[in-house]
Amino acid sequence: MKRYTLSSRIKGTICAPSSKSIMIRAVALALLAEGISIIKNPSECDDAKAALDIAEIFGAGIEKKDGLLFIEGNTSLKEKPIKKSHLHCGESGLCMRMFSPVAGLLDKEIVLEGQGTLLFRPMTMVEELVKLGARCSTKDGLPPVVVRGPISSGRYTLDGSLSSQFIT
């Protein structure tokens, strides 16, 4: 049996799925930035939704329109009261590790909670927050993480060999 194949061209456009870790980092940066940040092709995963909920609690303005995400930052975190003192990170270790220092900017006790597998992940970054001047506690090194700032500015050294989350 003979087969004949005609030449063809592959043509089209695809939109790759968003990276949840880049999305969460972008949300945190937008929260702390002046003005409005625009995120194209935002992730819709549960971890990204947790980050957006936390940013909103911290006072960020969030609007979704035409596949874009507009985030108006809250650079006056210390002056503008936050809406809740309990932040739910879902199962996102990145959210918990990244928003803990943001909570440390405030002179108020903030509790970062989680669920599922996050409850069994070590939160060793609290040691670094204590070096910055925050008061922190965990449940034997595991979530929830309780943070009370304010943290101090200065020069610090972080060990990033365990995870890029610690550097973030």
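Reader: In which sense do β5 and β7 pair?
Author: This is a predicted model. Strands of a sheet pair through backbone hydrogen bonds, either parallel or antiparallel. Residues of the two strands face each other: Glu109 stands opposite Arg148 in β7, and Leu112 stands opposite Val145 in β7. Over 4 bridges, the sense in which β5 and β7 pair is antiparallel.

Reader: Which strands stand at the edges of the open sheet of 4 strands?
Author: The pairing in this open sheet is mixed, and the order of its strands is β4-β5-β7-β6. A strand at the edge has a single partner strand, so one side of it is left without a neighbour in the sheet. The two strands in that position are β4 (86-88) and β6 (135-139).

Reader: What does the twist average from one strand to the next?
Author: The sheet in question is the open one of 4 strands, β4-β5-β7-β6. From one strand to the next, its twist averages 20 degrees.

Reader: Which residue in the turn between β6 and β7 has a positive phi?
Author: β6 and β7 pair in the antiparallel sense over 4 bridges, and Arg135 stands opposite Arg148 in β7. The two strands form a hairpin with 2 residues between them. In that turn, a positive phi of about 55 degrees belongs to Asp140.

Reader: How far apart are the C-alpha atoms of Cys136 and Gly104?
Author: Cys136 is found in strand β6. Leaving aside neighbours within four places in sequence, Cys136 is in contact with Val126, Leu129, Val130, Val146 and Val147. Gly104 is 32 residues away from Cys136 along the chain. The separation of their C-alpha atoms is 8.9 Å.

Reader: What angle does the direction of α3 make with that of β5?
Author: α3 packs on the sheet, where it touches β5 and β7. The angle between the direction of α3 and that of β5 is about 175 degrees.

Reader: How many residues of α3 are buried?
Author: A residue counts as buried under 20% relative accessible area. In α3 (93-103), the buried residues include Gly93, Arg97 and Ser100, along with Cys95 and Phe99. The helix is mostly covered, with the buried count standing at 10 of 11.

Reader: Which residues touch the most other members of the largest nonpolar core?
Author: This core has 41 residues. Among the elements that give two or more residues to the core are α1 (20-32), α2 (46-57), β3 (68-72) and α3 (93-103). One of the residues asked for is Phe99; leaving aside neighbours within four places in sequence, Phe99 is in contact with Ala28, Leu31, Ala51, Ile54, Phe58 and Leu112.

Reader: Which element gives the largest share of the lining of the second largest pocket?
Author: The second largest pocket holds about 210 Å³ of space. Of the 14 residues that line this pocket, Ala50, Asp53, His88, Cys89 and Gly90 are the closest to its centre. The largest share, 6 residues, comes from α2.

Reader: What is omega for the cis peptide bond that joins Gly149 and Pro150?
Author: Most residues other than glycine have a negative phi, and most peptide bonds are trans. A cis bond joins Pro143 and Pro144, with omega about 5 degrees, and Pro144 is in strand β7. Pro150 is placed in the loop between β7 and α5 (164-167). For the cis bond that joins Gly149 and Pro150, omega is about 10 degrees.

Reader: Is Asp66 buried or exposed?
Author: Asp66 lies in the loop between β2 (61-65) and β3, and its phi is positive, near 55 degrees. The cut-off for exposed is over 50% relative accessible area. Because Asp66 has 73% relative accessibility, this residue counts as exposed.

Reader: What is the relative accessible area of Asn41?
Author: Asn41 is in the loop between β1 (36-40) and α2. Its phi is near 50 degrees, a positive value in a residue other than glycine. Asn41 is partly exposed, with a relative accessible area of 35%.

Terms used:
Residues are numbered from 1 along each chain as its sequence is written. This is a predicted model: local features need pLDDT of at least 70, side-chain atom pairs count only at pLDDT 80 or more; totals for chains, interfaces and linings use all residues. Side-chain values use heavy atoms; hydrogens and water are left out. A nonpolar core is a set of buried Ala, Val, Leu, Ile, Met, Phe, Trp, Tyr and Cys residues joined through side-chain atoms within 4.5 Å. Buried means under 20% relative accessible area, exposed over 50%, partly exposed in between (1.4 Å probe, protein chains only). Contact means heavy atoms within 4.5 Å. Two strands pair if DSSP finds at least two bridges between them. Axes are lines fitted to C-alpha atoms, for helices over the stretch in contact, and angles run from 0 to 180 degrees between N-to-C directions. On a 1 Å grid over the protein atoms alone, a cavity is a set of points where a 1.4 Å probe fits but cannot get out, and a pocket is an open set with protein on both sides within 12 Å along at least five of seven lines; lining residues have an atom within 4 Å of a point. Grid points are joined across faces, edges and corners, and a volume is the space filled by probe spheres set on the points.
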